[in-house]
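Morning, everyone. Please have a look at the screen, and I will walk you through this one.

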Amino acid sequence: MAGKTISAYTDTETANRVAYIARIEQRKPSQIAGMALKLFVELPPEARAALWQIEALGSPADMEAVMQEIARTLLHAQYKVAHRQVTEQMQVENLAQLETEDDILSAARQAVERYSLAAQPKNPNLKAWEEEKAFIQQRIEQSSAQNSTYKDCTWNREDLYPPHIEAS
């Protein structure tokens with residue numbers, strides 16, 4: 001698909017984040033910006049308006065909560081896609097050959113690995129990941145200094161999946 005260059009202004013912090021993400025994911029900054037832009041313009045007008053309003057009137061904690069909700073939704077959708085693809089790629093004609101629980105687990109692991117390998121970058125940039133971790137730690141410390149509510153922030157990846165969301 002042919003593309004089109006669009007110029008955009010952003011603050012230095014966002015531009016630096018785009019550069020970090022591009023290095024970590026071994027992509028061009030324009031690819032990161034393009035994906036972000038594509039996501040934004042695909043949102044319905046009401047969602048874009050809500051995002052503008054939360055950014056303008058809400059607190060940093062409000063924006064963090066929004067990002068957590070978006071991350072949770074994306075990860076849940078990724079799980080559903082992976083589940084569907086693994087299910088479609090299952091070789092049901094060979095199921096009769098799976099005699100033990102170990103055979104079943106091995107077949108499931110192989111199917112998941114086939115999907116996982118297709119979605120991973122070929123050669124991760126470990127130095128860029130270390131720089132990203134240092135950047136995140138710096139942001140945590142900066143946020144803690146600015147807002148005491150960040151000091152008690154203890155969420156982790158598992159918290160993105162509350163008990164009411166079940167795997168489907």
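I will start with the overall picture, then go to single residues and pairs.

First, a caution. This is a predicted model. The average pLDDT for the chain is 81. A score of at least 70 is reached by 76% of the residues. Which elements sit at the two ends of the confidence range? Helix 3, residues 45-57, has the highest mean pLDDT, at 94. Helix 5, residues 101-119, has the lowest among the elements, at 75. Keep in mind that where pLDDT is low, the predicted coordinates should not be read in detail.

Now the layout. How many helices and how many strands are there? The chain has six helices and zero strands. Read from the N terminus, the order is α-α-α-α-α-α.

Next, the surface. The chain has 168 residues, and 12% of them are buried. Its accessible surface is about 13,700 Å². Carbon and sulfur atoms account for 58% of that. Then the contacts. Take the ones between residues at least 6 apart in sequence: 68% of these join residues at least 24 apart.

On to the salt bridges. Side chains of opposite charge can pair when their charged atoms come close. This structure holds seven salt bridges. I will show you some of them.

Start with Glu13 and Arg139. Their side chains meet in a salt bridge, with N to O at 2.2 Å. What does this pair tie together? Glu13 is in helix 1 and Arg139 is in helix 6, residues 126-146, so the bridge ties parts that are 126 residues apart in sequence. Are these two buried or exposed?

Next pair: Arg17 and Glu132. The closest N and O atoms of this salt bridge are 2.5 Å apart. Again, distant parts of the chain are linked: Arg17 is in helix 1, Glu132 in helix 6, and 115 residues separate them. Arg17 is partly exposed, with a relative accessible area of 26%. Glu132 has 6%, so it is buried; the cut-off for buried is under 20%.

Now Glu131 and Arg23. Their side chains form a salt bridge at 2.6 Å, N to O. Glu131 is in helix 6 and Arg23 is in helix 1, so this pair ties together parts 108 residues apart in sequence. Glu131 is partly exposed at 22% relative accessibility, and Arg23 is partly exposed at 36%. Which residues join Arg23 in one network? Lys127 and Glu131 do, through salt bridges that share partners.

Let us move to helix 4, residues 60-89, where we find Arg72. Arg72 counts as buried, because its relative accessibility is 12%. Its side chain makes a polar contact of 2.4 Å with the side chain of Glu69.

Back to the surface for a moment. Ile6, Leu37 and Val41 form a nonpolar patch there. Leu37 belongs to helix 2, residues 29-42. At 41% relative accessibility, Leu37 counts as partly exposed.

One last residue. Most residues other than glycine have a negative phi. Gln26 is not a glycine, yet its phi is positive, at about 55 degrees. Where is it? Gln26 lies in the loop between helix 1, residues 12-25, and helix 2. Gln26 is partly exposed, with a relative accessible area of 42%.

Notes:
Residues numbered from 1 in each chain as written. Predicted model: local features only at pLDDT ≥ 70, side-chain atom pairs only at ≥ 80, totals over all residues. Heavy atoms only, no water. Helix = DSSP H or I, 4+ residues; strand = E, 2+ residues; numbered from the N terminus. Buried < 20%, exposed > 50% of the residue type's maximum accessible area, 1.4 Å probe, protein only. Contact = heavy atoms within 4.5 Å. Areas by Shrake-Rupley, 256 points an atom, 1.4 Å probe, with all protein chains shown as cover. Polar contact = N/O pair within 3.5 Å; in protein donor to acceptor, adjacent residues only side chain to side chain. Patch = residues over 30% accessible without salt bridge, like charges linked within 9 Å, V, L, I, M, F, W, Y side chains within 5 Å. Salt bridge = Lys/Arg side-chain N within 4 Å of Asp/Glu carboxyl O. pLDDT = per-residue confidence, 0-100.
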